[in-house]
Amino acid sequence: MSAETHSPVREPLPRPAGLAGFAADWASDQRTFKNVSWGKAMMWIFLLSDTFVFGCFLVAYMSARMSTAVPWPNPSEVFALHIGGTDVPLILIAIMTFVLITSSGTMAMAVNYGYRQDRKKTALLMVLTALFGATFVGMQAFEWTKLITEGVRPWGNPWGAPQFGSTFFMITGFHGTHVTIGVIFLLIIARKVWRGDFDTGKRGFFTSRRGQYEIVEITGLYWHFVDLVWVFIFAFFYLW
């Protein structure tokens, strides 16, 4: 009579309770990021860190504005454009906001067509998003030029509190840099999509896995973040 041999069954380790269990979950990529690629996870981590940077800038702006004894410039006067013999308040800012919010819609459509592997529509929508972004940066450059011509400097301005210039140029410039980087990245990925690099699995940056359009979604995450930050900048600088 032959003896049956059974391999021992290894029981899963029990999950620690309380804070130790929470730390164990977040310390293991097999639990927290089991169904998330490293590229997407790293983008989320980057955006979280960037949120802290923009948050610190906006808190500094609020502190400077509420602590100064000199009156703060009126946004309706500072950001008005002279059109048809009259000053139209915030018209340029409204157009800039519309352009950037519209670009979020085209970016979302690009991600949708990317996962359908429709490379032509994906590439065209990404290029359109980049054009919206470039338009925004161009209008921001016009806004900066107008303010500098009117005497706004990081150390002062003709309308009131000197802190206005430094906080405005720092925060809007930092955001404009993000938009510019996003435009460049959009054009690079759109070119790869148009050439079919993601369909053939051509070796290169972000294109080593055949049939993977995930980088389009990762680019979209960055672009939506840039748009969301602008909403807060718009509210703090132009509506407050």
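Tutor: A residue is buried under 20% relative accessible area, exposed over 50% and partly exposed in between, with a 1.4 Å probe and protein chains only. The model is predicted, so local features need pLDDT of at least 70, side-chain atom pairs count only at pLDDT 80 or more, and totals for chains, interfaces and linings use all residues. Residues are numbered from 1 along each chain as its sequence is written, and side-chain values use heavy atoms, leaving out hydrogens and water.

Student: Why is Thr-106 called buried?

Tutor: Its relative accessible area is 8%; the limit is under 20%, so Thr-106 is buried.

Student: Where does Thr-106 lie?

Tutor: Thr-106 is part of helix 5, residues 91-115. Helices (H or I, at least four residues) and strands (E, at least two) are DSSP runs, numbered from the N terminus.

Student: What makes the link between the side chains of Thr-106 and Thr-129 a polar contact?

Tutor: A polar contact is a pair of N or O atoms within 3.5 Å; within protein, one must be able to donate a hydrogen and the other to accept it, and residues adjacent in sequence count only if both atoms are side-chain atoms. The two side chains are joined at 2.7 Å, so the value meets the cut-off.

Student: How do you know that strand 1 and strand 2 pair?

Tutor: Two strands pair if DSSP finds at least two bridges between them. Strand 1 (residues 80-83) and strand 2 (residues 86-89) have four bridges, in the antiparallel sense, so they pair. Ala-80 stands opposite Pro-89 in strand 2.

Student: Which residue of their hairpin takes a positive phi?

Tutor: Gly-84, with phi near 60°; the hairpin has two residues between the strands.
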